[in-house]
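Please find below a short note on the structure, arranged as numbered points.

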Amino acid sequence: MICNNCISHNNKYAISYNSFKLYVAIILFFPTLWGILGSSAISLGQLFYTFAVLISGLLLIPNSIENLKFPRPYAILFSFITLSYAATLSINSIIDNGSLSFNDFTDVYRPISYFLSLYIGSALFRNPLSFGKIRFIIVIVLACAVFDIVKFSNLGAVILKLYTHLDRHTFNYMRFSGTFAYCYNYCYILLFALLCSLFCNINKKLFVSISLILIALTGSRSGLLAVCCTLILYNILEHTPIKAFKYFCYAIIIAVLAVIILISLNIPLVNDIIANIEKLLAAFSGTGDDGSLSTRNSQLDRVLANFKENPLWGRGPLKSVSAPIEIQLGYYLSSWGIVGTSLYLSLIGFSLYIAFYCKNHPGFIGKFSKANCIWILCSFIMGMSTPITDQIRVSQFFFLIQGLQWHIYSTEKGKRNLQYRNNNDNKNT
């Protein structure tokens with residue numbers, strides 16, 4: 001005889017998982033309409049996307065959620081961040097002689113939307129984590145590259161208008177960016193697919209190869225640096241020192257051969273990416289100049305100037321200024337000061353802590369948590385190019401995964417506390 005409660009329980013899991021899959025698809029593929037609205041209305045496209053995604057997620061949450069532990073630490077952190085943003089904007093609107101615009105004040109909604117993404121992730125992913133569920137996320141992240149394959153056709157260019165405002169004939173348009181508009185953003189999400197493929201052994205050779213190729217085609221130099229750090233940390237965590245050194249040598253040989261083959265193929269996009277890397281190396285060695293590096297250096301000067309004006313609270317995002325701060329920590333120090341930066345680092349630190357807490361789990365959960373640990377750390381490397389965790393589509397995905405990790409953490413902590421109490425009871429009896 002089949003238990004009706006068991007059927008109902010399994011149905012709830014199935015509904016929850018299907019809702020989670022749908023929500024991931026919405027985050028990755030829902031349009032921002034940037035190419036249609038135009039570059040002057042990017043903020044409007046962001047608001048349209050953000051609210052559509054959040055409303056969709058909240059509607060997908062099941063009516064009855066059993067054993068959902070509310071992410072109270074995150075709620076507290078995000079509340080303080082929201083208050084910090086509001087305080088910064090209020091203070092600077094009085095003392096800064098009107099340099100703030102209306103668009104600056106819309107940033108107060110950001111931490112609220114991030115928390116909702118995290119909450120939706122923890123609420124939707126109610127069933128146990130498994131290879132199949134993470135495989136879906138990897139596949140759908142890699143599937144975003146389809147938009148880069150079709151962009152070279154006239155029809156593809158029309159479709160891409162739903163996602164990017166970049167000129168079709170520019171280098172940045174040609175670099176792989178999926179539905180994320182900018183190559184750095186897609187590169188960071190691809191890094192998550194790479195890490196899960198490595199640690200969780202999900203179609204490892206296939207998914208790792210595709211992820212590495214796509215990351216290379218984004219042309220993100222900070223992304224390539226993040227990949228190098230990822231491979232080193234992976235080898236340290238998963239292999240003995242001798243094996244790690246052997247694999248490291250293999251990786252260098254394969255990378256050199258890949259570069260030689262790619263140069264010989266004489267593909268324009270690949271040639272431009274290699275030339276970009278050579279320019280950066282020449283800039284570091286003092287034998288040449290690199291536009292991006294010069295831009296970041298000038299931004300650092302602006303960060304220090306803004307920070308000196310109001311070190312405690314910052315000067316606000318200053319969206320009326322044509323040249324934004326494209327460095328993660330520089331953006332926080334300039335815009336939100338010591339208070340906002342400290343709260344942001346506390347948020348990232350807590351996310352890293354709960355992933356680290358679960359990394360020693362003997363099963364699949366431990367492997368996923370290790371992957372998430374490194375992914376969180378790599379946000380600082382990718383953050384050298386852009387405020388990565390604050391980027392549209394990236395932030396929704398990032399905090400969705402942290403919501404999933406919170407669900408794992410709260411479940412694991414509950415089990416350990418129960419085991420600890422049972423052990424104490426057995427000792428007392």
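1. Leu191 is in contact (heavy atoms within 4.5 Å) with Ile215, Ala226, Val227, Thr230, Trp375 and Cys378, when its neighbours within four places in sequence are left aside. The model is a predicted one, in which local features need pLDDT of at least 70 and side-chain atom pairs count only at pLDDT 80 or more, while totals for chains, interfaces and linings use all residues. Residues are numbered from 1 along each chain as its sequence is written, and side-chain values use heavy atoms, with hydrogens and water left out.

2. Leu191 is also among the residues with the most contacts inside the largest nonpolar core, together with Phe368, Trp375 and Phe397; this core has 104 residues. A nonpolar core is a set of buried Ala, Val, Leu, Ile, Met, Phe, Trp, Tyr and Cys residues joined through side-chain atoms within 4.5 Å. Buried means under 20% relative accessible area, exposed over 50%, and partly exposed in between (1.4 Å probe, protein chains only). Helix H11 (residues 183-200) contributes the largest share of this core, 14 residues. A second, separate core of five residues includes Phe147, Ala157, Tyr163 and Tyr173.

3. Helix H18 spans residues 364-382, 19 residues in total, and reaches 27 Å from its first C-alpha to its last. This is close to the 27 Å expected at 1.5 Å a residue, where the expected span is 1.5 Å times one less than the number of residues. Of the 19 residues of H18, 15 are buried, so the helix is mostly covered.

4. Two loop residues deserve a check of their backbone angles. Ala181, in the loop between helix H10 (171-174) and H11, has a phi near 75°, a positive value in a residue other than glycine. Arg393, in the loop between H18 and helix H19 (394-428), likewise has a positive phi of about 75° although it is not a glycine. Most residues other than glycine have a negative phi. Ala181 is buried, with a relative accessible area of 3%, and Arg393 is buried, with a value of 2%.

5. For the protein chain overall, there are 19 helices and zero strands, taken as DSSP runs numbered from the N terminus (helices H or I, at least four residues; strands E, at least two). Buried residues make up 48% of the 429 residues. Among contacts with a separation of 6 or more, 76% join residues 24 or more positions apart.
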